[in-house]
Amino acid sequence: MKVWGKIRKDNSTIAERVVTVQAKTAYDVTDWNEPFIKLCHDLNLSRPVILKKHIRDMEQFRHAIFLPDDFMEPVDFDRFEIELY
């Protein structure tokens with residue numbers, strides 16, 4: 001499975017990266033920290049606070065959105081989107 005991370009500002013994608021996870025479905029991922037750490041490192045972001053809501057959205061909808069309030073440090077974008085495919 002692949003995890004696609006996109007940084008969006010003013011409805012435009014300003015940066016994106018894809019990482020591979022050794023799992024077939026979102027339910028098979030035991031630790032979401034690893035793909036998030038890699039994506040955030042590649043995109044030069046601090047890691048967002050991952051809530052149960054984000055995990056549930058990824059498992060049910062294969063998509064999660066992180067807003068600036070989900071980051072401990074100030075960010076200069078509208079949202080950070082994660083898609084699984």
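**Entry 1: the sheet**

I began with the strands: four of them form an open sheet in the order 2-1-4-3, with antiparallel pairing. I took helices (H or I, at least four residues) and strands (E, at least two) as DSSP runs, numbered from the N terminus, and two strands pair if DSSP finds at least two bridges between them. Strand 2 (12-20) and strand 3 (63-66) stand at the edges with a single partner strand each, so one side of each has no neighbour in the sheet. From one strand to the next, the twist averages 15°.

A note on what I was reading: this is a predicted model, where local features need pLDDT of at least 70 and side-chain atom pairs count only at pLDDT 80 or more, while totals for chains, interfaces and linings use all residues. Residues are numbered from 1 along each chain as its sequence is written, and side-chain values use heavy atoms, with hydrogens and water left out.

**Entry 2**

I then checked strand 1 (residues 2-9) against strand 4 (residues 79-84): they run antiparallel and are joined by six bridges. Arg8 has Arg79 as its bridge partner in strand 4.

Helix 1 (residues 33-42) packs on the sheet and touches strand 1, strand 2, strand 3 and strand 4; contact means heavy atoms within 4.5 Å. Its direction makes about 135° with that of strand 2. (Axes are lines fitted to C-alpha atoms, for helices over the stretch in contact, and angles run from 0 to 180 degrees between N-to-C directions.) Helix 2 (residues 52-61) also packs on the sheet, touching strand 3 and strand 4, at about 150° to the direction of strand 3.

**Entry 3: salt bridges**

How many salt bridges does the structure hold? I found seven, each a side-chain nitrogen of Lys or Arg within 4 Å of a carboxyl oxygen of Asp or Glu.

Glu81 and Lys6 meet in one of them (3.6 Å, N to O). Glu81 is in strand 4 and Lys6 in strand 1, 75 residues apart. Both are buried, meaning under 20% relative accessible area, with exposed over 50% and partly exposed in between (1.4 Å probe, protein chains only).

Lys6 also forms a salt bridge with Glu83 (2.8 Å, N to O). Glu83 lies in strand 4 and Lys6 in strand 1, so this pair ties together parts 77 residues apart in sequence. Glu83 is partly exposed at 24% relative accessibility.

Last, I noted a network of salt bridges linking Lys6, Arg8, Arg79, Glu81 and Glu83.
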